[in-house]
Amino acid sequence: MVSDPTLLTIREASTLIATRELSPVELTQACIARTEALDATLSTYVAFTPEQALDAAKAAEAEIRAGHHRGPMHGIPIGLKDIYDTAGVATTGHSRLLQSRVPAEDAFTVAKLRESGAIITGKFGTYEFAIGGPSFDLFTPPARNPWDPSRTTGGSSSGSAAAVATGMVLGATGSDTGGSIRSPSSLCGLAGIKPTYGLLSRRGILPLSQSLDHAGPMCWTVEDAALMLQAMAGHDPLDPACANVAVPDFAGTLGAPVKGKTIGLIRHFHETDHEAAPPVLAAIEAAIAVFRSLGCVVKEVTLPPLMDFAAVGLIIMSSEAFAIHEADLRATPELYGEIARDRISLGGLLTGADYVQALRRRRELCAAVAEAMIGVDALLTAGSPFPAQPIDQVPKWLMYQKPSITMPFNVTGLPALALCAGYEEKTGLPVAIQLAGRPFAETTVFQLGHAYEQATDWRARRPGLLAA
Amino acid sequence: MPTPIASEAEMSALLARTGFQLTPEQIAEYAQAYGYIVEMSARIRGERSYMAEPAHVFGFPNEEAAR
């Protein structure tokens, strides 16, 4: 008998489902009950579809009883960021502009998740069009941080993060153009991976910036992120950016020794370029000690200044986002929330030369990082420079004022994993580290992240409101 | 390279190119934010020769290449 199935990891729940000690219906019902208890406080969903979820859970249960267990995601409740198209269910980008938009088809990755047997419980709130938030002028309020509901979840995959941390679902999709999987994962205590650019199809996902957008999973553990990524991956010939590469077994190397792996510490990113808060700095030093105790070699590497990556990323993102939204911003600006409207509109002030120069600088930065990674298996820095801020005090132009510590891996396209590295003593808010790997070396990143997670006890703690 | 906008009139002229209808308050806010763009666009420009690798290249669409 499982006392609270919502707090199981995907791996644990999957094992119990496969041995018929846990029913997908029982698990889905528990997640629905958790949602009904907490969603008024956390505002995670923009479209909650419990009836559809229960129907899918019953079908999964029948299939498993008949002896067909599809794999680790079969019967596992998950939710989708509301920029992933779902056939017959509105996909709005959390914007009034698209509030009545109902796609005819699932996004490629959503179809893959359904094939894996995952149970989709609904659509999660996001920063509007994955850029504007936290906003209080949209059709539902912004998601709140379950570790302290007066704080932001980070963005833009905000509802996804709050829901996973509280067991409303066991995993969720996010998207990441400048850090939108890794920032909320960091601030809500999750494991979230932005995979290599091109590993996952983005077809059927509302774009923000096509050359920087990445899809990816957000879960409670690194192992769960590997399992969910497996279900989402596969070549899509209809996404021109999707790489035709073999998909490895992402969880296959978890647990293998990491002794001898070399980790490049980008100390200047979090100590000088964007000085992290003391608890984050302490967490990184503690993580270095953990990796050394596991037999890893940790050495410092120097990359170009963080602000160079931020400038390239923001100019490309703003230009591409403006090109997408230009017509609607002119015709119906009142349908956008203030923050998304203003952030996207700023792209209209850039020139063609700005965009081309950013592309050229991007190529140079990619070369510099590739050179720094010679002999290095993974890079290490902060997941977020600070714990979660008060939700009503996030500056509109923050991304321009302080360089993002996640953007370098959007600019370079490298896989990057944010994972919990402890809790601020005073507030109990999560802090996080970030591990980045070589292109398509997700298995190495997962292996290191999992080894760190196993050597620490951060996964034993859940948000206090679950005890209330 | 763009130069910082000093006045509301200059900002209005720049914004006219975007086709937006904005209030004076919005124009003032964009003027402030535009400073960040100026900083960033300066940062990405370096000494590059005419022959430097152009990062943006043309590629045939997959369907075209498959024919």
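Modeller: Read along its sequence, chain B follows the pattern α-α-α. The model is predicted.

Biologist: What makes up the secondary structure of chain B?

Modeller: It comes to three helices and zero strands. Of the 67 residues of chain B, 30% count as buried.

Biologist: Why is A:Trp220 called buried?

Modeller: The cut-off for buried is under 20% relative accessible area. A:Trp220 has 4%, so A:Trp220 is buried. A:Trp220 is found in the loop between β6 (214-219) and α7 (222-232) of chain A.

Biologist: Which residues does A:Trp220 touch, not counting residues up to four places away in sequence?

Modeller: Among them are A:Thr9, A:Trp147, A:Val164, A:Leu190, A:Glu453 and A:Arg462. The C-alpha atoms of A:Trp220 and A:Thr9 are separated by 6.7 Å, although the two residues are 211 places apart along the chain.

Biologist: What makes A:Arg11 and A:Glu223 a salt bridge?

Modeller: A side-chain nitrogen of Lys or Arg has to lie within 4 Å of a carboxyl oxygen of Asp or Glu. The closest N and O atoms of A:Arg11 and A:Glu223 are 2.8 Å apart, so the pair qualifies.

Biologist: Where is A:Thr121, and what makes it buried?

Modeller: A:Thr121 is in strand β3 of chain A. Its relative accessible area is 2%, under the cut-off of 20%, so the residue is buried. Beyond four places away in sequence, A:Thr121 touches residues including A:Ala47, A:Phe48, A:Pro77, A:Ile78 and A:Val169.

Biologist: Why is the pair of A:Thr121 and A:Tyr45 called a polar contact?

Modeller: The two side chains come to 2.7 Å, and the limit for N or O atoms is within 3.5 Å, so the pair counts as a polar contact.

Biologist: Where is the kink in helix α2 of chain A centred?

Modeller: The kink, of about 40°, is centred on A:Glu36 in α2 (residues 24-42). At the start of α2(A), a side-chain oxygen of A:Ser23 reaches to within 3.0 Å of the backbone nitrogen of A:Val25. Just after α2(A), A:Ser43 takes a positive phi of about 50°.

Biologist: Which residues of α2(A) are buried, and what covers them?

Modeller: The buried residues include A:Leu27, A:Cys31, A:Thr35, A:Leu38 and A:Leu42. An α-helix has 3.6 residues a turn, so residues three or four places apart point the same way. The cover includes α1 (10-18), β1 (45-48), α3 (50-65), β2 (77-81) and β3 (119-124) of chain A.

Biologist: How many residues of chain A are in contact with chain B?

Modeller: 37 residues of chain A are in contact with 27 residues of chain B. The area buried between the two chains is about 2900 Å², and carbon and sulfur atoms give 61% of that area.

Biologist: How many salt bridges are counted between chain A and chain B?

Modeller: The count is four. One of the pairs that meet in a salt bridge is B:Glu29 with A:Lys396.

Biologist: What makes B:Glu29 and A:Lys396 a salt bridge?

Modeller: The N to O distance is 2.9 Å, which is within 4 Å, so the pair meets the rule. The rule for polar contacts finds eleven residue pairs across the interface of chain A and chain B. Helices α10 (306-331), α11 (338-345), α12 (352-372) and α13 (398-401) of chain A each supply at least two residues of the side that touches chain B. The residues of that side divide into 21 nonpolar, five polar and eleven charged.

Biologist: What makes B:Arg45 and A:Asp354 a salt bridge?

Modeller: The N to O distance of 2.9 Å is within 4 Å, so the two side chains meet in a salt bridge. The pair crosses between chains, from B:Arg45 in the loop between α2 (24-43) and α3 (62-66) of chain B to A:Asp354 in helix α12 of chain A. Both B:Arg45 and A:Asp354 are buried. Salt bridges that share partners also join A:Asp308, A:Arg361, A:Glu364, B:Arg43 and B:Arg48 into one network.

Notes:
Residues are numbered from 1 along each chain as its sequence is written. Chains are lettered from A and ligands numbered from 1 in the order in which they are written. This is a predicted model: local features need pLDDT of at least 70, side-chain atom pairs count only at pLDDT 80 or more; totals for chains, interfaces and linings use all residues. Side-chain values use heavy atoms; hydrogens and water are left out. The bend at a residue is the angle between axes fitted to the seven residues ending there and the seven starting there. Helices (H or I, at least four residues) and strands (E, at least two) are DSSP runs, numbered from the N terminus. Buried means under 20% relative accessible area, exposed over 50%, partly exposed in between (1.4 Å probe, protein chains only). Contact means heavy atoms within 4.5 Å. A polar contact is a pair of N or O atoms within 3.5 Å; within protein, one must be able to donate a hydrogen and the other to accept it, and residues adjacent in sequence count only if both atoms are side-chain atoms. Buried area is the accessible area (1.4 Å probe) that two parts lose on being put together, summed over both. Ala, Val, Leu, Ile, Met, Phe, Trp, Tyr, Cys and Pro count as nonpolar, Asp, Glu, Lys and Arg as charged, and the others, Gly among them, as polar.
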